[in-house]
Amino acid sequence: MKALYVRLLRALRGVLRTTGLLRLLDRWAARSRTGLWVRSWLSIYDLDELVRHDVPWWTFDAADRVEAFLRARPGARALEWGSGASTVWLAARCAEVVSIEHDVDWAASMRPVLPTNAELRVVPPGDARTRLTREVVASAKPGFADLDFADYVAEVDRVPGVFDLVVVDGRAREACLERAVGRVAPGGLVVVDNVDRARYRDAIARVEARLGGRARVTWTRGRTPTLPYPTRTALLEPSP
Ligand SMILES: C[S@@+](CC[C@H](N)C(=O)[O-])C[C@H]1O[C@@H](n2cnc3c(N)ncnc32)[C@H](O)[C@@H]1O
């Protein structure tokens with residue numbers, strides 16, 4: 001179903017390009033948020049186009065808030081789980097970005113677009129069935145059973161220092177969030193995407209409970225690049 005939808009949009013993009021209408025749409029996108037949103041539907045899963053649109057794959061509202069946050073913190077360091085157009089977007093707004101990625105093929109497609117201040121750390125999942133010596137960190141995503149993301153989550157421990165911004169947008173997000181909170185600089189921010197999913201909201205509630213009121217969460221919901229329906233992204237400030 002998803003593949004068919006993407007194929008249809010690609011076909012539509014081809015038709016619009018041939019007829020010259022894509023150029024009109026591009027012009028609309030350059031001067032209007034609504035135009036950019038509509039144009040981005042045709043860019044679903046297309047990394048080059050998403051980079052050109054200069055959008056992370058979070059709600060526009062969340063991206064605006066993060067952009068304002070980073071503007072007020074020149075020289076910011078960011079860390080994200082889940083690379084993509086966001087990696088390039090962050091690199092344009094931060095001094096340094098470290099992105100942890102589980103997918104070797106996706107990482108290869110990222111290399112040509114990576115700016116010099118972005119570092120991609122590729123940590124593929126292990127086989128959970130052969131892991132005998134320690135606890136497995138699973139992903140609840142369909143098709144990912146039997147995979148262990150413990151090393152992927154723990155990769156952050158190999159990166160020294162603290163981060164002004166941490167983005168949790170890859171696999172095993174609950175475990176990443178737990179790990180992220182201790183690595184955020186004072187006044188820093190954590191982005192958790194797709195909090196439409198109850199398990200991510202529960203993970204945020206657990207962090208809030210653990211921090212005992214020393215956290216503020218902003219829930220955004222609305223238009224998101226490439227998607228014709230609203231989604232939700234949360235911003236967590238561990239020590240307001
Ligand atoms: C939710 S995506 C991460 C999106 C990224 N943080 C962004 O905002 O652009 C999670 C995983 O999907 C893959 N991925 C990222 N961007 C993608 C895209 N545009 N199309 C298809 N897969 C993507 C990568 O393996 C990534 O780790």
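For the classes used here, Ala, Val, Leu, Ile, Met, Phe, Trp, Tyr, Cys and Pro count as nonpolar, Asp, Glu, Lys and Arg as charged, and the others, Gly among them, as polar. By these classes, the shell around the ligand has seven nonpolar, five polar and five charged residues. This is a predicted model, in which local features need pLDDT of at least 70 and side-chain atom pairs count only at pLDDT 80 or more, while totals for chains, interfaces and linings use all residues. Residues are numbered from 1 along each chain as its sequence is written, and side-chain values use heavy atoms, with hydrogens and water left out.

**Ligand surroundings**

- Of the 17 residues around the ligand (a residue is near if one of its heavy atoms lies within 4 Å), those that come nearest are Trp-57, Gly-82, Ser-86, Glu-101 and Asp-169.
- Among the polar contacts (pairs of N or O atoms within 3.5 Å), a nitrogen atom of the ligand lies 2.8 Å from a backbone N or O atom of Gly-82, and a polar side-chain atom of Ser-86 lies 2.8 Å from a nitrogen atom of the ligand.
- An oxygen atom of the ligand lies 3.1 Å from a backbone N or O atom of Ala-85.
- On its own the ligand has 560 Å² of accessible area, of which the protein covers 89% (Shrake-Rupley method, 1.4 Å probe).

**Aromatic rings**

- The structure holds five aromatic pairs, where rings of Phe, Tyr and Trp (its six-membered ring) pair if their centres lie within 6.5 Å, and planes under 30 degrees apart count as stacked, over 60 as edge-to-face and the rest as tilted.
- One of these pairs joins Phe-144 and Phe-149 in a tilted arrangement, 6.2 Å centre to centre with 35° between the planes.
- Phe-149 also pairs edge-to-face with Tyr-152, at 5.5 Å centre to centre and 75° between the planes, and ring pairs thus link Phe-144, Phe-149 and Tyr-152 into a cluster.
- Phe-144 counts as buried because its relative accessibility is 17%, with buried meaning under 20% relative accessible area (1.4 Å probe, protein chains only).
- Phe-149 is buried at 0% relative accessibility, and Tyr-152 is buried with a relative accessible area of 0%.

Key:
A polar contact is a pair of N or O atoms within 3.5 Å; within protein, one must be able to donate a hydrogen and the other to accept it, and residues adjacent in sequence count only if both atoms are side-chain atoms. Buried means under 20% relative accessible area, exposed over 50%, partly exposed in between (1.4 Å probe, protein chains only).
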